[in-house]
Amino acid sequence: MKTEIVTIFPDFFKGPLDYGITRRAQEMGLAQIAVHDLREFTHDRHHTVDDRPFGGGEGMVLKPEPLFECLESLGVAPREERFSRTAPESVILLSAQGQRFTQKVAAELASLDRVVLLCGRYEGVDERVTDFLADRELSIGDYVLSGGELAAAVIVEAVMRLLPGAVGNEASTRQESFTVDTNLRAANAADSTCGSEGLLDYPHYTRPAEYRGMGVPEALMSGNHEEIRKWRRQQALRKTLRNRPDLLQGAALSKEDEKFVAGFKLAEQNARNRG
Ligand code: SAM
């Protein structure tokens, strides 16, 4: 898979993408990352990439010409082909106004041959880039960054770890928070240790078994696989109910899970009534 990043700060990416799984994926030839300096696609002496907004107002706006010319030089498929998904590539504009980047979107992008990430700056990017060049706008969260570079690095890291072979133990990515694994669901989640199935991950512990008076839950020390599976599943449900109850709507719940959720909600309600 090839990722092309278009930015006015190419040096920004010298550090973040050179570690861990992202580095390994590149070394193993699973992924290629190319960073393109937008200023190289300008034609004036000052390599101008921005200009004042029509209609007045604050700040500067990234001009359309360098972005269109950069993409032309990369031989990216026409927008209609990308839209209809006949071309296995996507051109993404990073934007606070974009659709939310999620694990599901990361999995979609990991199945493509090429992803182009356009990093905005200043007040943003000329809207013709959104309307006629990019096929989608993505946001990494409801806050405003100064540029798209950090957002691009976040997307690259989330996508790379989903490339087959990038993570040593692939089962671990199938069971992570937010992940819905249809194979796992079909194979009966009861066989897995937990299988996130759209929930948050269960808690993890390692040695020492006792640290400063803080122990490890007994179920995990029991050696009983069924007991461990049940404990992990319940903890994943508990964490999701506490931190991200919105995720439960899309999660695959067994009868046993539903019973646990009902019991948890009742206990919370009783505690509220008592308080
Ligand atoms: N005026 C814009 C607004 O209010 O939505 C904010 C522009 S921001 C200062 C500059 C650039 O940072 C954007 O063009 C975008 O590329 C990037 N950016 C900012 N927040 C982002 C987010 N949450 N996700 C992705 N990119 C973001």
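This is a short tour of a predicted model, moving from its domains to its ligand and then to a cavity.

Before you start, note that residues are numbered from 1 along each chain as its sequence is written.

**Stop one: the domains.** Select 2–160 for domain 1 and 175–274 for domain 2; these bounds come from an automatic or database domain assignment. Their C-alpha centres are 37 Å apart.

**Stop two: the ligand.** Show the 20 residues around the ligand (a heavy atom within 4 Å). Leu 94, Gln 97, Glu 123, Tyr 143 and Leu 145 come nearest. Now look for polar contacts (N or O pairs within 3.5 Å). The side chain of Gln 97 places an N or O atom 2.8 Å from a ligand oxygen. For Gly 120, a polar backbone atom is 3.0 Å from an oxygen of the ligand. At Ile 140, a backbone N or O atom lies 3.1 Å from a ligand nitrogen. The protein buries 84% of the 590 Å² that the ligand exposes when taken alone (Shrake-Rupley method, 1.4 Å probe).

**Stop three: the cavity.** On a 1 Å grid over the protein atoms alone, a cavity is a set of points where a 1.4 Å probe fits but cannot get out, and lining residues have an atom within 4 Å of a point. Select its lining: Met 1, Thr 3, Leu 109, Val 115, Leu 117, Ile 155, Val 156, Val 159 and Met 160. Helix H6 (149–160) gives the most, with four residues.

Notes:
This is a predicted model: local features need pLDDT of at least 70, side-chain atom pairs count only at pLDDT 80 or more; totals for chains, interfaces and linings use all residues. Side-chain values use heavy atoms; hydrogens and water are left out. On a 1 Å grid over the protein atoms alone, a cavity is a set of points where a 1.4 Å probe fits but cannot get out, and a pocket is an open set with protein on both sides within 12 Å along at least five of seven lines; lining residues have an atom within 4 Å of a point. Helices (H or I, at least four residues) and strands (E, at least two) are DSSP runs, numbered from the N terminus. A polar contact is a pair of N or O atoms within 3.5 Å; within protein, one must be able to donate a hydrogen and the other to accept it, and residues adjacent in sequence count only if both atoms are side-chain atoms.
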